Number of protein chains: 2
Amino acid sequence: MDFSPRTLARPADDAPAAAKPVILTGDRTTGPLHLGHYAGSLKSRVALQDSHDQFLLLADAQALTDNAQDIAKVRRNVIEVALDYLAVGIDPAKSTICLQSHLPALAELSMLYLNFVTVARLERNPTIKEEIRARGFGRDIPAGFLCYPAAQAADITAFGATVVPVGADQAPMIEQTNEIVRRINALAGRPVLREASALIPATGRLPGVDGRAKMSKSGGNALSLSASPDDIRAAVRAMYTDPEHLRITDAGRVEGNVVFTYLDAFDPDTEMVADLKDHYRRGGLGDGALKKRLEAILQELLAPIRARRADFAAHPDHVLGLVREGTERAREVTADTLEEVTRALGLFRL
Amino acid sequence: MDFSPRTLARPADDAPAAAKPVILTGDRTTGPLHLGHYAGSLKSRVALQDSHDQFLLLADAQALTDNAQDIAKVRRNVIEVALDYLAVGIDPAKSTICLQSHLPALAELSMLYLNFVTVARLERNPTIKEEIRARGFGRDIPAGFLCYPAAQAADITAFGATVVPVGADQAPMIEQTNEIVRRINALAGRPVLREASALIPATGRLPGVDGRAKMSKSGGNALSLSASPDDIRAAVRAMYTDPEHLRITDAGRVEGNVVFTYLDAFDPDTEMVADLKDHYRRGGLGDGALKKRLEAILQELLAPIRARRADFAAHPDHVLGLVREGTERAREVTADTLEEVTRALGLFRL
């Protein structure tokens, strides 16, 4: 690992900010990240950090909107998520890792934007509606949770992001952001803020190892990024395949077969995967052989991630320093946006 | 007027902050203040500034919650309200005049507190319910307006205020603040925030000169603090009395008679006012004589206020400097509270 000052260099030192499109992404700090996050977002973030000015938000403030009763969890996972970022290859010299709760301009813009969105509009937001339903909140929803689309609009616009990688279910959040952007621009009489586009991953959501649609740590069906070789072996062995595929000679189903879903996601040899699917469908290919292949791929994928994570975890002050540096840069960027927006709207400036 | 550095001295220089109870008060910057504000709050603020550490919030951010379409009005009135404070005798050496939108900790605490109050609770707030009704918002209420009790809780607690002068109709807002305070203290496991008490003025709301219950600039029935001698004369002449009191010899009604309401509010000779009421009720006392007395009292009251206001208005840089100084002090106080609250709750601190 390279702990030299070079890794602390700011993206702005290499290229002017305007030269690269800005990406805002991040994660609520409610748990360490897992293989599902890797397939769905972390991998593409690593790929995008060369061509984009990328901000990764450790979203502890947003995590509080439905975890206010478990602040310790939110606190604990700030560094866990930062470690996950560094472990998968997020390079602080290219990407800016920053802590949401330490960026006052985000709260200030959030409070401002709340004046430009009605309660009825927030309640109509399909993402919010679904999440309220899923969490069983009813009318006892915390106000912060109802308001989080405005806070997300603040996050996105504060960084000047035009590209926001989100799952398909989060696309309405971007539309809500853009409504606020248009409202502000109309009041300002000029395009002070830019609209953002959702970048929706080509691959769908990675299922849990048990075949359930959502991989989650609390569901016990996730493979964490720091999983040990034994964890990986055990998870792949227990992985859901085709319950009707009892003998090797039986014809097997590929659809809904988690091993194939994972091979689609992680096996670089797509031609070989296509052949294996044909063979499995015909019969004569056992689950054991498939799992052996998948296990080897996952072991190879996760070994360097686990090693980098352990290296960074052994240097907590260095990691904290990286987050501090990133947050300091983010503070400048977001404060500049706040200043621009308030001036453009004609608020009093001391 | 004394423009010497002494007027810029901070209250903290004279006495430790803990020595005096803290008052938070202020006004939405939507218009210059008038005689109703003087009777209802400004006068007592001047009286309280010796015995209390008093913060006066120029509440431009709160003004936006229902004036987002008229930001120019909110901007323009920041200095108007500051001039009104100085004109009535608020002494920047004793009281801290500060600008809400320039205190990021208030927005940060607001966003935090929104996680500790439900949407249902905000909707049940009687003040909010009434104001939604009065403004005809329905469900199209701006989210910022629904959320403003949490923002007000942030204002009150950020300054460590235990005394909050409010009208009787605003008392539920203080209860809402205290609910949040108790929630935060329970989570923190110690009294990090203090509960506040409403200080409800003994005198009721001053009616408009036309007898309508509410004096307001937009209603055209207000006497502004910068009213000219002619304005004062004209307003008193047009003042609503007893429409049945046609001849001097007629018995007259004192209740609902605005001239008497104003004499009650402003005439220092309460015994004389009692005698005048008796006389008026018996008959034989004309409106003209009463109005002459009231006019003289108002001319005497408003002359020095008008003069001080004009003096300060002639030195805008000085006024701006006072607001800057006050805001700087308020920034420190509120940032300290934010730091205490976030540490007490166990949020991640970089």
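So, the interface: chain B and chain A bury about 4,300 Å² between them, and 69% of that area comes from carbon and sulfur atoms. Three residues deserve a name here. B:N115, B:F348 and B:L350 supply 19% of the area that chain B buries against chain A, more than any other three residues. Please keep in mind that this is a predicted model.

In terms of contacts, 48 residues of chain B meet 48 residues of chain A. What about salt bridges across the interface of chain B and chain A? The rule finds zero there. Polar contacts do turn up, with 12 residue pairs counted between chain B and chain A, both partners at pLDDT 80 or more.

Which elements build chain B's side? The helices that each supply at least two residues include α3 (60-64), α4 (71-88), α5 (104-113) and α6 (119-124) of chain B. Also on that list are α8 (143-146), α10 (171-188) and α15 (316-345) of chain B. The largest share, six residues, comes from α5(B). If you sort the side of chain B that touches chain A by class, you get 30 nonpolar, 10 polar and eight charged residues.

Now, on to empty space. Rolling a probe the size of a water molecule over the atoms shows where such space is left. Over the whole structure, the search finds five cavities of 30 Å³ or more. The largest cavity holds about 350 Å³ of space. Which element gives the largest share of the lining of the largest cavity? That is α5(A), with four residues. By class, the lining of the largest cavity divides into 12 nonpolar, eight polar and three charged residues.

Last topic, back to salt bridges. Over all chains, the structure holds 44 of them. Let me show you one: the side chains of A:D27 and A:R45 meet at 2.9 Å, N to O. A:D27 lies in strand β1 (residues 22-28) of chain A and A:R45 in helix α2 (residues 35-48) of chain A, so this pair ties together parts that are 18 residues apart in sequence.

Note on methods
Residues numbered from 1 in each chain as written. Chains lettered and ligands numbered in written order. Predicted model: local features only at pLDDT ≥ 70, side-chain atom pairs only at ≥ 80, totals over all residues. Heavy atoms only, no water. Contact = heavy atoms within 4.5 Å. Buried area = accessible area lost by both parts, 1.4 Å probe. Salt bridge = Lys/Arg side-chain N within 4 Å of Asp/Glu carboxyl O. Polar contact = N/O pair within 3.5 Å; in protein donor to acceptor, adjacent residues only side chain to side chain. Nonpolar A, V, L, I, M, F, W, Y, C, P; charged D, E, K, R; others polar. 1 Å grid on protein atoms, 1.4 Å probe; cavity = no way out; pocket = protein on both sides within 12 Å on 5 of 7 lines; lining within 4 Å. Points joined across faces, edges and corners; volume = space filled by probe spheres on them.
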